[in-house]
Amino acid sequence: MLKKDIRAQKNELRAKMKCFRRDMPQAVKEKKDAAIRRGVQSLGQYQICQTLLTFVSTEIEVDTRVLIEQALRDGKRVAVPYCIEGTRQMDFYYIRSMADLVPRTFGVLEPLPEQCQKWTGAPNSICLVPGLAFDRHGFRLGYGKGYYDRFLSGYTGLKIGVVYEGCLCQRLPHGYYDLPVDLLITEKRRKKPLLLPPKQKRA
């Protein structure tokens, strides 16, 4: 019954956050996106990283496309997700430009494996993590498919949640296998998530 309640809570929150994002005027969104992008680019960890793992943004997500193009111009290697058909797993592939991407799973732009080199866990990388919402402890509300949950369970680099300030929550429902990000960046702040007391760390 508890799992069912958590699913219902998450679905309600997903609908709410999607509405918030869709209702945001384009000019306001662009301003917020630029502020979040500057927050990422000003990080020391970003400036020294050799590889940027990042999602390719959709219309309602924090824009990453400008960041991807700038990172490539700056000489960084950029790898983006490829969802493996028939599974809830994804791999990351290096891209040389946005031209390496085609619409695929759920209409999201993904790399062409036959044209791109697979990322195999090279050191000195950071990962930008998408989410419809995050809470002050760094837990995320995704789209419910579990791709990022599975990937992040084996990723040891810095995990950065990028999210609009209006999509920050006090506390999100989360399960045993959900992992928090290491840092949150909104258009107003950069902050480390608050640690949960040990006995509450796994819900």
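Analyst: The chain has 5 helices and 12 strands. Helices (H or I, at least four residues) and strands (E, at least two) are DSSP runs, numbered from the N terminus. This is a predicted model, where local features need pLDDT of at least 70, side-chain atom pairs count only at pLDDT 80 or more, and totals for chains, interfaces and linings use all residues. Residues are numbered from 1 along each chain as its sequence is written, and side-chain values use heavy atoms, with hydrogens and water left out.

User: How do you know whether the radius of gyration agrees with a compact globule?

Analyst: The rule is 2.2 Å times the number of residues to the power 0.38, and the radius is taken over C-alpha atoms. For 203 residues a compact globule would come near 17 Å; the chain has 16 Å, so the two agree. The C-alpha trace spans about 45 × 40 × 30 Å along its principal axes.

User: What makes a residue count as buried?

Analyst: Its relative accessible area must be under 20%; exposed means over 50%, and partly exposed is in between (1.4 Å probe, protein chains only). Buried residues make up 48% of the 203 residues in the chain.

User: What does Leu-43 touch?

Analyst: Contact means heavy atoms within 4.5 Å. Leaving aside neighbours within four places in sequence, Leu-43 is in contact with Ile-160, Leu-183, Ile-185 and Arg-190. Leu-43 and Arg-190 are 147 residues apart in sequence, yet 9.3 Å apart in space, C-alpha to C-alpha.

User: How do you know on which side of α4 the buried residues are?

Analyst: In helix α4 (residues 65-73), Leu-67, Ile-68 and Ala-71 are buried. They cover an arc of only 100° around the axis, so they are on the same side of α4. The arc is that of the directions from the helix axis to the C-beta atoms.

User: What do the buried residues of α4 pack against?

Analyst: They pack against α2 (26-41), α3 (44-48), β1 (51-53), β2 (77-83), β3 (90-95) and β6 (125-129). Gly-75 follows α4 and has a positive phi, near 90°.

User: What makes the phi of Asn-124 worth a remark?

Analyst: Most residues other than glycine have a negative phi. Asn-124 is not a glycine, yet its phi is positive, about 60°. Asn-124 is found in the loop between β5 (109-111) and β6. Its relative accessible area is 35%, so Asn-124 is partly exposed.

User: What share of the contacts in the chain comes from residues 24 or more positions apart?

Analyst: Such residues account for 68% of the contacts with a separation of 6 or more.
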